[in-house]
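Subject: Structure handover

Hello,

Please find the structure below, with the sequence alongside. My notes on it come after.

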Amino acid sequence: MQVQRLRALEPLRSHSLFFAESQATPFVRRPVGPDTCVALVKQCGSLTSLKAVHAAMLRSHLHLDLRFLTHLVARYASLKSLPHARALFSLSESADVFLWNVMIRGCVDGLQYRTSLGIYARMRGLGIGPDNFAFPFVLKACGCLGDLKSGALVHHDALRSGYDSDVFVGNSLVAMYGKCGRVDIARRVFDRMPERNVVSWSSMIGAYARNGCYEDGLRLFWEMVDGGVRPNKGAAVDVMACVHREAEADVVCRVAMDNGLDSDLSVLQSAIIMYARCSRIDVARALFNGIHDKDLVCWSAMIEAYVKADMPLKALDLFRESLCLRIDPDAITLLSVLQACLELGSFLQACTVHAIIIRRFFENCVALGTCMVDLYAKCGNLEHARKLFDQMPEKNLISWSAMISGYAMHGHGREALCLFDQMKFSVKPDPIVFGSVLSACSHSGLLNEGWECFESMSRDFGVTPLHQHYACMVDLLGRGGRLDEAVDFIERMPIEPNAGVWGALLGASQIHSDVERAEKAAKILFELDPENPGRYAVLSNLYASLAKKEEADQVRDLMKRRKVRKLSGHTIIEIGNRIYMFVAGDRSHPQTDVIYSELEKLMAKTRLEGSKPNFHEAEEEIKEIM
């Protein structure tokens, strides 16, 4: 019966007993012997050749031998044919842990993490004890899924089995807890490891980097180096993600060079992004130019570096250059390109990249689809955004949040609430989605709906409001002119108000020209958020709008004393397939005189209409630039 079921898996004809990839020495039509079977399975480089060997094994009944069956399952999995591997595996009733390990590893390598956890659960249910080879793969699946609960259960199994002291299991535990956001437990596991290798250090540094604990990651790296552990490329890549200062970047690069890692592509790619993060895009570009055989990842790293350096036009220019060189982009590269388009808000660029996504068959990628929805919304084309959103075959929480945020930023509060109601039937909203909905209510003046949404967070969904949600409520009350209620709401908060909450009150006070409350909020903000230039600018502009020039100048003087500089605002205009960027006081364009002439005519028309625009902030920016 089992033989018949196995035969049914393979649509093979009676003559398909030749090994397809060995044309020089084809096999005769006879069953494959046991001496050559394993070697043949390992040599198969395609599904067709493996099926031929599989057919020969059926004739010899070798598939009933556990050793040969295990190799066959492993090879099907490595060739990305998991349905065949799982079908063969399911026919076996063996309790051999190695066979189970092979199937679990195949699912993890094939990115079927949830399936691998299901197989592990079945294995435990049958009383088959996992060994030190099983735990790393299962823990990797838990980490990639961010499934802390399952990861903790596997950790418990490792403790009971006595494998928690195994260095490979320990490394996997550190990585899993880091990916699940529990860097504190990861460090506890790391500290208790009886034996550590360089991967142990790299895993812990990576956990710190992933969770934003950059200083801790750097300290641990130097502790590793001082302890005589030579960093590998994994450790170098992980520590580079922790570096945010140029001096540190130089020292880390020197260590990488001293250990012969400077020619490794993954290290060079990380160094490019690191220097861009440290505001040294020139060094990043020099590193990029020095790579002779650039692969896709190199191009992607440099494009991402330009995006991180707030140079979206450069990023798009480099992307076009890569296309001219026939470098096919992947989903990761396109995400960086879409981020550059987001910075520019260019509808034309959005359409161009969308066309590339469709041509490259990436339209089913959730991350790219979500980013495209966000991009179209920010370009002001909600119709395109909603159409694309509705066509997405799969949506996650971020997808719903992007579309709701799109409605919010354009003041379509009712549409945002309607979409939120639809979402609740399919997925449970998280804090980010609630933030988008509350923002939509705030921008549309939907006070009652905003209150209902805020109260439903903990009441109906068990979501504890965070600072961002309290800030949205203050903004909602403030925009509606209920400043007294906004202040009372802040005073009754169960958590200490942060800069975002007080910033919302300051913004609302500016809208309603309430100097007293603006001064109160600003006083607190100048202590909580002293390096944020926007706080000073709001108060200064409020004073200027009320003809309180002396007070406005005092705020500007305070900024100068504290050495707080406001980043120059810029305008992006898209004309004739070209993108132009202007900053306050900019005279770099060859048609500057014509531009300023037209601007003066426009300002004259606004005055004739009775408008009295406030140019105080722009004038101050121009003075600083000049």
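The notes below go from the whole chain to helix packing, salt bridges and backbone angles.

This is a predicted model, in which local features need pLDDT of at least 70 and side-chain atom pairs count only at pLDDT 80 or more, while totals for chains, interfaces and linings use all residues. Residues are numbered from 1 along each chain as its sequence is written, and side-chain values use heavy atoms, with hydrogens and water left out.

Whole chain

The chain holds 35 helices and 2 strands. Of the 626 residues in the chain, 45% are buried. Buried stands for under 20% relative accessible area, exposed for over 50%, and partly exposed for anything in between, with a 1.4 Å probe and protein chains only.

The accessible surface of the chain is about 32,100 Å², and carbon and sulfur atoms supply 53% of that surface. The areas come from the Shrake-Rupley method with a 1.4 Å probe, and for residues only the protein chains shown count as cover. Among contacts in the chain with a separation of 6 or more, 62% are between residues 24 or more positions apart; a contact means heavy atoms within 4.5 Å.

Helices

Helix α5 (residues 82–91) is largely enclosed by the rest of the structure, because 7 of its 10 residues are buried. The buried residues are Leu82, His84, Ala85, Ala87, Leu88, Phe89 and Leu91.

Helix α14 (residues 233–240) packs against α12 (residues 198–210) with the axes 8 Å apart and an angle of about 20°. This makes α12 roughly parallel to α14. Axes are lines fitted to C-alpha atoms, for helices over the stretch in contact, and angles run from 0 to 180 degrees between N-to-C directions. Angles under 35 degrees count as roughly parallel, over 145 as roughly antiparallel, 65 to 115 as roughly perpendicular, and the rest as oblique.

The crossing of α12 and α14 is left-handed, a term used if the near helix is turned anticlockwise from the far one by less than a right angle. On the α12 side the contact is made by Ser202, Ile205, Gly206 and Ala209, and on the α14 side by Gly234, Ala235, Asp238 and Val239.

Helix α14 also meets α16 (residues 265–277), where the axes come within 9 Å and cross at roughly 15°. These two helices are therefore roughly parallel to each other as well, and α14 passes α16 in a left-handed crossing. Here α14 contributes Lys233, Ala236, Val237 and Met240, while α16 contributes Ser266, Val267, Ser270, Ala271, Met274 and Arg277.

Salt bridges

A search of the whole structure gives 30 salt bridges. The criterion is a side-chain nitrogen of Lys or Arg within 4 Å of a carboxyl oxygen of Asp or Glu.

- Arg105 and Asp109 are joined by a salt bridge at 3.3 Å, N to O. They lie 4 residues apart in helix α6 (residues 97–109), so about one helical turn separates them. Arg105 is partly exposed at 44% relative accessibility, and Asp109 is partly exposed at 40%.
- Asp147 and Arg114 form a salt bridge at 2.9 Å, N to O. This pair links distant parts of the chain, 33 residues apart: Asp147 is in the loop between α8 (134–145) and α9 (148–161), and Arg114 is in helix α7 (residues 113–125). Asp147 is buried, with a relative accessibility of 14%, whereas Arg114 is partly exposed at 48%.
- Arg459 and Glu452 form a salt bridge in which the closest N and O atoms are 2.6 Å apart. Arg459 is partly exposed at 49% relative accessibility, and so is Glu452 at 39%.

Backbone angles

Most residues other than glycine have a negative phi. Ser513 has a positive phi, near 50°. Its place is in the loop between α30 (499–511) and α31 (515–528), and Ser513 is partly exposed at 38% relative accessibility. Ala547 also has a positive phi, about 65°, without being a glycine. Ala547 sits in the loop between α32 (533–545) and α33 (549–561) and is exposed, at 71% relative accessibility.

Regards
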